[in-house]
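Thanks for making time. I will talk through one structure, starting with its aromatic rings and then turning to a pair of helices.

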Amino acid sequence: MELTERKKKILRAIVDCYIQTAEPVGSKAIAAMPGMDVSSATVRNEMADLTELGYLEQPHTSSGRIPSPAGYRLYVDELMEGYRLSTDEAAHLTQARELKLQQFDQAMSQVGKLISQLTNLPAYAVAGRSGSEPVVRKFELLDGGAGSFILVLLTSDDAVSNKLIKLPLKLEEQDLRLLSSVLNAGLSGLTEAQIGQEVLDRVAGAAGAAAGLVPIVVDFTLETLRARRQGAVYLTGQTRLLGQPEYQDVEKAREVLSTLDEEMIANLPAPTDGPVQILVGPENIARELKDTSVVMTRFDIGDGMQGMIGVVGPQRMDYAQVTARLSYFAESLGRMFGKNELPSPSPEGQRE
């Protein structure tokens, strides 16, 4: 069965209508749309064909149709029209320039919150340095008092991490000095992948009375290097999903919210076919997110700093609008940190 231009036009109209109403769409509503110029009976026949082709689904409680994941994918790839940001929308997006924060990581936290407010969806920002894998640069062990010490780890990307470690046994000051020397000699210059069991055994064997602390130090080191490699993840606005009709079912909402966390976001694939990537429904990595979609875009602000921003929402989300907002925001990040001017927004908040 051929997917004709008329079928595509009707599918686009159904997706647009469903995005706005969250209700199954009937043939009469489509036929009444401006520019459709076909009868309700014709639309009904085309909807039946689109259902047979797998682009529409028919809920058992309604005679109307809703888009299937395949329908959303075709819509995203071929059918959706461009969206122009209004002057007001652009003004809201540029509020990020008012943050005036000195630390990039702090700014990313605020960026995620602002995107969530603007889209009314859960949003995330992932930031990190591009280039080579982070490596251990230096360890320092500081007296923490009350039978403890503070482990300070400096990595090659100039990040400093620390952990308060309780001493499980009585150690002398010289034991901690020896441990510090052994850690710096055995782990400095190594990446996460290079710190294996053989390295751990060698360091523990040289640590003397402090050998029992080596696994604790190594675990913290691996966690730190992994986090620096993946980049800091800032996720916010998860409960905004509860305002969507799709998540009025408590069990369905619980399943999604329990899965939507920083670890899941860190494992999302980076855009590969362009600056913006859209994962529709079952294309997501987690089974619990099979009814959600993710829109993400990359950004690069120079000096080796790059990352992603994105939103998570129902398959019914307005992909064109969300894509336009994220793309504008990603571009503004570079301009914000580079202290350049943002491009002038188009005067109309309409689809092209």
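This is a predicted model: local features need pLDDT of at least 70, side-chain atom pairs count only at pLDDT 80 or more; totals for chains, interfaces and linings use all residues.

Residues are numbered from 1 along each chain as its sequence is written, and side-chain values use heavy atoms, with hydrogens and water left out.

How many aromatic pairs does the structure hold? There are two. Rings of Phe, Tyr and Trp (its six-membered ring) pair if their centres lie within 6.5 Å; planes under 30 degrees apart count as stacked, over 60 as edge-to-face and the rest as tilted. The ring centres of tyrosine 75 and tyrosine 319 are 6.5 Å apart and the planes are at 55°, so this pair is tilted. Tyrosine 75 is in helix α4 (residues 69-79) and tyrosine 319 in helix α12 (residues 319-338), so the pair ties together parts 244 residues apart in sequence. Helices are DSSP runs of H or I, at least four residues, numbered from the N terminus. Tyrosine 75 is buried, at 0% relative accessible area, and tyrosine 319 is buried at 0% too; buried means under 20%, with a 1.4 Å probe and protein chains only. Ring pairs link Tyr72, Tyr75 and Tyr319 into a cluster.

Leu178, Val182, Leu183, Gly186 and Leu187 of α7 meet Val199, Val203 and Ala206 of α8, contact being heavy atoms within 4.5 Å.

Key:
Helices (H or I, at least four residues) and strands (E, at least two) are DSSP runs, numbered from the N terminus. Buried means under 20% relative accessible area, exposed over 50%, partly exposed in between (1.4 Å probe, protein chains only).
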